[in-house]
Amino acid sequence: MDYRGGLLWRCVQAAINNWNPYNLVSDTEDDEFAGEVQAVCRALSSRLTRSKISAREISHLISRAFTSSFSDPEKFSPEKCVDVSEELFDRLLAAGLARN
């Protein structure tokens, strides 16, 4: 399933673009991490429909997506993904896509 343009996609993309690892996102390009956003959306969608999710769980999902793409498990450890996962969790709550 392609999540582009949907509410979940917009929440994930906004949080990841604000985080902007490697400083690849410019003011005019916002799809630099589209593959990683898609992977996080895929992982999140099944969890959001079944149960609650935490920022800690989201940090693991983001870590997996970015480690898979960039082969840098140290830079993208779950601990280093906490800030972006907390922002994403807050966005999901505000959008009514998650509950705590």
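Helix H1 passes helix H2 in a right-handed crossing; a crossing is called right-handed if the near helix is turned clockwise from the far one by less than a right angle, and left-handed if anticlockwise. The model is a predicted one, in which local features need pLDDT of at least 70 and side-chain atom pairs count only at pLDDT 80 or more, while totals for chains, interfaces and linings use all residues. Residues are numbered from 1 along each chain as its sequence is written, and side-chain values use heavy atoms, with hydrogens and water left out.

Let us stay with that first pair. Two packed helices are described by the angle between their axes and the distance between the axes. H1 covers residues 7–19 and H2 residues 34–50; they pack at about 130°, with axes 9 Å apart. Here the axes are lines fitted to C-alpha atoms, for helices over the stretch in contact, and angles run from 0 to 180 degrees between N-to-C directions. H1 and H2 are therefore oblique to each other, since angles under 35 degrees count as roughly parallel, over 145 as roughly antiparallel, 65 to 115 as roughly perpendicular and the rest as oblique.

Which residues in H1 meet H2? They are Leu 8, Trp 9, Val 12, Gln 13 and Ile 16, and their partners in H2 include Val 37, Cys 41, Leu 44 and Leu 48. Contact means heavy atoms within 4.5 Å.

Now follow H2 to its other partner here, helix H3 (residues 55–70), with which H2 packs at about 145°, the axes being 9 Å apart. H2 passes H3 in a right-handed crossing too. Glu 36, Ala 39, Val 40, Ala 43, Leu 44 and Arg 47 in H2 meet a group in H3 that includes Ile 58, Ile 62, Arg 64 and Phe 66.

Ser 85 sits in helix H4 (residues 82–94) and, at 1% relative accessibility, counts as buried; buried means under 20% relative accessible area, exposed over 50%, and partly exposed in between, using a 1.4 Å probe and protein chains only. Beyond its neighbours within four places in sequence, Ser 85 is in contact with Ala 55, Ile 58, Ser 59 and Ile 62. Asn 17, in H1, is also buried, with a relative accessible area of 15%. Not counting residues up to four places away in sequence, Asn 17 touches Val 25, Asp 30 and Phe 33.

The loops deserve a look as well. Most residues other than glycine have a negative phi. Tyr 22, in the loop between H1 and H2, has a positive phi of about 70° and is partly exposed at 37%. Ser 71, in the loop between H3 and H4, has a positive phi of about 50° and is exposed at 60%.

Finally, step back to the whole protein. There are 4 helices and 0 strands, where helices (H or I, at least four residues) and strands (E, at least two) are DSSP runs, numbered from the N terminus. Buried residues make up 42% of the 100 residues.
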